[in-house]
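Open the model in your viewer and get ready to select residues. We will go stop by stop.

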Amino acid sequence: MLLPHFMTTLNSKSYRNCAVIIPTYNERKTIVRTLRDVLVQLQGCHIWVIDDHSPDATGTLVKQFAPSQVTLIVRTGKHGRGSAVWHGMREVYKHTRYTRVIEMDADYSHDPHELPALVAASRDKTIAIGSRYIAGSRIEGWPLTRKILSAGANTLIRLVLRLPLHDATNGFRCYSRKALSILLRQRMVSSGFVMLSESAYVLYKQGYGFTEVPSHFVNRTKGSSNATPREFIDALFTLLHIRRSYL
C-alpha cells in the first residue's frame, strides 16, 4: 500500500536515527492512524510493531499498510507489553543507525504529535519521558479511582526506588542507544507494567538522568485495555524486590 500524499508535507527535519517500538494487542481501530501520524511527525524514522498475535487481525492491517518504514513482528501468544517492548529493543539494537529509540502505545493515550518534543529532550545520558504529572500535562477520561491509583503508585515508586520522576509508569519514552545497551544486558526481575519503573531504576543506578516532557494523556476509547487495576496493584509489590536486587 502506498503512503498517501500527506507524506509530502512532512517537516524538513529527518529522524532517520529514530526507531519507534509499538507493542500491540487488539489495536485494529487505531493502528493504521497511529502509523501514519508517527511517520508524519518523525520523518525518516522506522517503526517496529510487536504484535502478540492479536485475534482482531491488527497484524493483518499492519501488513496491508506496509510501507518500507514499518516492520511487523508477530509473536505466538500474548506475552505482555513489557516483553513486547524488550523484543523490539533487541531487534532495533541490531541496527547501528538508530541512536534514539522510542516506545509508545498505539491507542492514542500517547499522542504522536508529541514525539518531536520527546526526541528533542533526550540526550545520550538523559531519558526523555512523556509525563502526566508536570505543569502543562493533562489526563483525560480517567475516573477518580484510576487517578488516585496512578498518583499513589508513582508516589510509592519515588519513595521506594528514590527515582527523581513525577511519572515512572508511563510507557512514552525516548532512550539513547547507549541506554538501550545497558538495559539489554540486564536481567530484569519484574514483568508487566512495573518493568517501566525497573528500567528507569537500572539506568538511574548507572548515572542516567531524566527529562519529563508534558503529555496529554487520553484514556483509551478504542482498542481493548491490556491492564487491570489488580495487575497494576500486584506489580507494585515487586518494588522492594527491585531495590534489593540492585543494591
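Start by selecting I127. Beyond its neighbours within four places in sequence, I127 is in contact (heavy atoms within 4.5 Å) with C174, Y175, A179, L203, Y208, G209, F210 and T211.

A word on the source: this is a predicted model, where local features need pLDDT of at least 70, side-chain atom pairs count only at pLDDT 80 or more, and totals for chains, interfaces and linings use all residues. Residues are numbered from 1 along each chain as its sequence is written, and side-chain values use heavy atoms, with hydrogens and water left out.

Next, select M89, V92, I127, L161, L163, Y175 and L203. These have the most contacts inside the largest nonpolar core, which has 37 residues. A nonpolar core is a set of buried Ala, Val, Leu, Ile, Met, Phe, Trp, Tyr and Cys residues joined through side-chain atoms within 4.5 Å. Buried means under 20% relative accessible area (1.4 Å probe, protein chains only). Apart from this core lies another, of 27 residues, including L39, A121, A128 and V213.

Now pick strand 7, residues 173-176. Strands are DSSP runs of E, at least two residues, numbered from the N terminus; helices are runs of H or I, at least four. Which way do the side chains go? R173 and Y175 point one way, C174 and S176 the other, and all are buried.

Two strands pair if DSSP finds at least two bridges between them. Find E103 opposite R173. Strand 5 also pairs with strand 7 in the antiparallel sense, over two bridges. There, A128 has C174 as its bridge partner.

Note on methods: Buried means under 20% relative accessible area, exposed over 50%, partly exposed in between (1.4 Å probe, protein chains only).
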